[in-house]
Amino acid sequence: MTAAATTPKGERRRAELIEAAASLLAEGGFDAVRHRAVAERAGLPLASTTYYFDSLEELVTAAVEHHAKVELETGRRRLDELATRNRGVEATVDLVLDMLLGPLRPDREADAEAVLLRYERLVGTGRRPYLRPLMRTLSAQLYELLHEIFARSGTPVDGTELERLVALVDGAVVNALIEVDPEPRAAAARMLQRALDPRN
């Protein structure tokens with residue numbers, strides 16, 4: 001981070017660039033995050049991306065972190081609502097899937113595309129070693145939130161069971177994507193609901 005980014009104007013511009021990069025990342029994956037595209041999305045000069053960030057990797061890292069933190073904050077707010085309202089299995093499944101697959105889009109095709117992009121992005125982090133430390137931190141925070149979701153929903157799980165449930169969701173989604181299923185989220189929901197409530 002440059003010294004200029006520590007001024008109020010610099011902090012504001014840096015935040016605008018990060019938000020722009022995060023939205024591009026969510027819409028088009030890593031390939032969409034380019035200096036020119038980020039500057040245009042933020043409505044700032046092209047030179048601002050290299051002025052406030054030492055490299056594209058630094059900008060991508062900041063975008064990934066910002067995107068994940070927004071989702072975690074949204075998940076915590078929804079968990080508070082879940083704790084005071086509906087604690088049923090369906091509400092728990094919906095919240096868990098939102099944390100693992102991203103927020104539900106109203107349009108079925110748009111939701112399937114967003115889930116596909118999310119998994120492409122997650123797999124793509126393996127080719128970017130500079131993201132690994134951040135991804136480990138974010139993964140730990142996500143698992144901590146998932147533990148709390150299950151505990152406050154009346155179905156506490158240990159670490160091993162949580163890993164199994166996440167793997168179940170991942171497997172259902174990947175299989176649905178391979179089969180060109182138009183509703184990968186629904187496939188994951190069915191698997192997770194059966195795991196949490198075998199009577200269904």
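Accessible areas here come from the Shrake-Rupley method with a 1.4 Å probe, and for residues only the protein chains shown count as cover. The model is predicted: local features need pLDDT of at least 70, side-chain atom pairs count only at pLDDT 80 or more, and totals for chains, interfaces and linings use all residues. Residues are numbered from 1 along each chain as its sequence is written, and side-chain values use heavy atoms, with hydrogens and water left out.

**Exercise 1. Surface and charge**

Determine what share of the accessible surface of the protein belongs to carbon and sulfur atoms, and how far apart the centres of the positive and negative side chains lie.

Solution. Step 1: the accessible surface amounts to about 10,900 Å², and carbon and sulfur atoms hold 52% of that area. Step 2: Lys and Arg are counted as positive, Asp and Glu as negative, while His and the chain ends are not counted. Each charge is placed at NZ of Lys, CZ of Arg, CG of Asp or CD of Glu. Step 3: there are 27 positive and 32 negative side chains, and 3 Å separates the centres of the two sets.

**Exercise 2. Overall fold**

Describe the secondary structure of the protein and test its radius of gyration against that of a compact globule.

Solution. Step 1: helices (H or I, at least four residues) and strands (E, at least two) are DSSP runs numbered from the N terminus. The protein has nine helices and zero strands. Step 2: the radius of gyration is taken over C-alpha atoms, and the globule rule is 2.2 Å times the number of residues to the power 0.38. For 200 residues a compact globule would have a value near 16 Å; the protein has 18 Å, which agrees. Step 3: the C-alpha trace spans about 60 × 35 × 30 Å along its principal axes. Step 4: contact means heavy atoms within 4.5 Å. Of the contacts with a separation of 6 or more, 63% are between residues 24 or more positions apart.

**Exercise 3. Individual residues**

Locate Val-180 and Arg-76, and classify the exposure of each.

Solution. Step 1: Val-180 lies in the loop between H8 (159-178) and H9 (184-196). Although Val-180 is not a glycine, its phi is positive, about 55°. With a relative accessible area of 66%, Val-180 is exposed. Step 2: Arg-76 belongs to H4 (residues 56-84) and, at 40% relative accessibility, is partly exposed. Step 3: Arg-76 and Met-99 are 23 residues apart in sequence, and their C-alpha atoms are 9.9 Å apart in space.

Key:
Buried means under 20% relative accessible area, exposed over 50%, partly exposed in between (1.4 Å probe, protein chains only).
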